[in-house]
Amino acid sequence: MSDDFKSGHLTQQDVARLLADPSPNSRTDLAAKLSQQFDSPELSQAERKLAEDIIRVMVKDTVLRVRQTLAENLKSSPSLPRDVALTLARDVEAVAIPVLSVSTVLTPADLVEIVRSGADAKSTAIAQRPTVPAAVADALIESGSERAVAALVANEGAELGEQSLGRVIDRFGASEAVQDPLVHRSRLPITIAERLVAVVSERLRQHLVSHHELPSKVASELILQSRERATVALFTGESDEGALDRLVTQLARTGRLTPSLLVRSLCTGDIAFFETAMSRMANVPMTNARLLIHDAGRLGLKSLYDKAKLPPALLPACRIAIDVLKETPYDGEPGDRERHRRRVIERILTQYEDLAPEDLEFLLAKLGDMMQPENAAA
């Protein structure tokens, strides 16, 4: 090897030596040194061109170790020619994964092409990149394996919108490997969180039935209560009308927009959700729904309630909850929502003096009993 190359300067003699030397060890050593010097600001334009020519030869080397050495040392290079990066990315996994994991030279279209090739380990490496553009994320969601998608949703640097996350649940909603990192993302759209609650609840129902010998009906009721509590927690304090509308639409479409869920929302002071739900269920504009709900008289809420075809037994509970919310707004102090909830329940209980519940679950169970045909008729 020439003294010029040892000092950082590349010559034609180095190229000739590279092409002529049959030793894999020598070529591997040269690949490491060349790669380490590739981004040096001391290289002249001619030297850089020469270095690129040598690298283009070496990425086709039949010795895997030579190509691996290039990939490991050039994976973060911003100067790496895109065609060279693509050659490495299309190579066997041991060569491709270092480049696919971090190279900024590869374009989103390049990454999508690799994902669609179907190689699981390569897709997983792409899913774990520091940033994953939306187009690449969507390609992974559509054609990636369970492992790749689990890695994607665990990556906070991945651009995952509401529709993309919905597609994740469509494909892998039953996968615990995907559920866990998805649940633990720093932020989820409210519609996605609600769908996850439903998915996880179904899994829990199966566990209760199979492991604790619970009758299926009892288990389903327990899950419904758990699901509705979790759903209320999701939209508590949500002020984005668009998000609430999408959530209500989703709940209605899946049969989860229940009367008990509306009572829960009012008992926790979430009038915005109640307004959105009533507008949807009664099929009236939001402005009209609000006017009827907050009508100073008694007929406005009743007319809307009847139009929504909700059970008559729950109307008094809804009316009391709305009255309490008007009379005692939140004080902004810690625990104000819990204090409001208790006031609502206490007021509702005065209408049903034979009950002595300690929590919302008991109240709703009793109100549910009152909605049975024989009680409703009475």
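Let's start at one residue. E275 touches M286, A289, R290, I293 and H294, leaving out residues up to four places away in sequence. Touching, or contact, means heavy atoms within 4.5 Å. E275 sits in helix α18, residues 271-282. Helices here are DSSP runs of H or I, at least four residues long, strands are E runs of at least two, and numbering goes from the N terminus. E275 is buried, with a relative accessible area of 8%. Buried means under 20% relative accessible area, exposed means over 50%, and partly exposed is in between, with a 1.4 Å probe and protein chains only.

A word on the model. It is predicted: local features need pLDDT of at least 70, side-chain atom pairs count only at pLDDT 80 or more, and totals for chains, interfaces and linings use all residues. Residues are numbered from 1 along each chain as its sequence is written, and side-chain values use heavy atoms, with hydrogens and water left out.

Now the whole chain. How many helices and strands are there? The protein chain has 24 helices and zero strands. Of its 378 residues, 47% are buried. Take the contacts between residues at least 6 apart in sequence: 61% of them join residues at least 24 apart.

Next, the cores. A nonpolar core is a set of buried Ala, Val, Leu, Ile, Met, Phe, Trp, Tyr and Cys residues joined through side-chain atoms within 4.5 Å. The largest has 56 residues, and L100, L140 and L152 touch the most other members. Helix α11, residues 146-154, gives the most to this core: six residues. Domain 1 (12-96) and domain 2 (107-187) both contribute residues, so the core lies between them. Those bounds come from an automatic or database domain assignment. Look at L140. Neighbours within four places aside, L140 is in contact with V115, S123, I126, A127, V132, A148, V149, L152 and R171. Another core, of 35 residues, lies apart from the largest one; L261, A282, L310 and A321 are among its members.

On to a helix pair. Two packed helices are described by the angle between their axes and the distance between the axes. Helix α9, residues 120-127, packs against α11 at about 5 degrees, with the axes 8 Å apart. Axes are lines fitted to C-alpha atoms, for helices over the stretch in contact, and angles run from 0 to 180 degrees between N-to-C directions. So α9 and α11 are roughly parallel, a term for angles under 35 degrees. From α9, D120, A121, S123, T124 and A127 meet R147, A148, A151 and L152 of α11.

Now helix α17, residues 259-267. Is it enclosed or open? Eight of its nine residues are buried, so α17 is largely enclosed by the rest of the structure. Among those buried are L261 and R264. Just after α17, G269 takes a positive phi of about 85 degrees.

Which residues does E228 contact? Neighbours within four places aside, they are T258, S260, L261 and R264. E228 is in helix α15, residues 216-235, and is buried at 3% relative accessible area. The C-alpha atoms of E228 and L261 are 6.1 Å apart, though 33 residues separate them along the chain.

Last, two loop residues. N283 is not a glycine, yet has a positive phi of about 60 degrees. N283 is in the loop between α18 and α19 (286-293), and is exposed at 68% relative accessibility. K309, also not a glycine, has a positive phi near 60 degrees. K309 lies in the loop between α20 (299-307) and α21 (315-327). K309 is exposed, with a relative accessible area of 74%.

Terms used
Angles under 35 degrees count as roughly parallel, over 145 as roughly antiparallel, 65 to 115 as roughly perpendicular and the rest as oblique.
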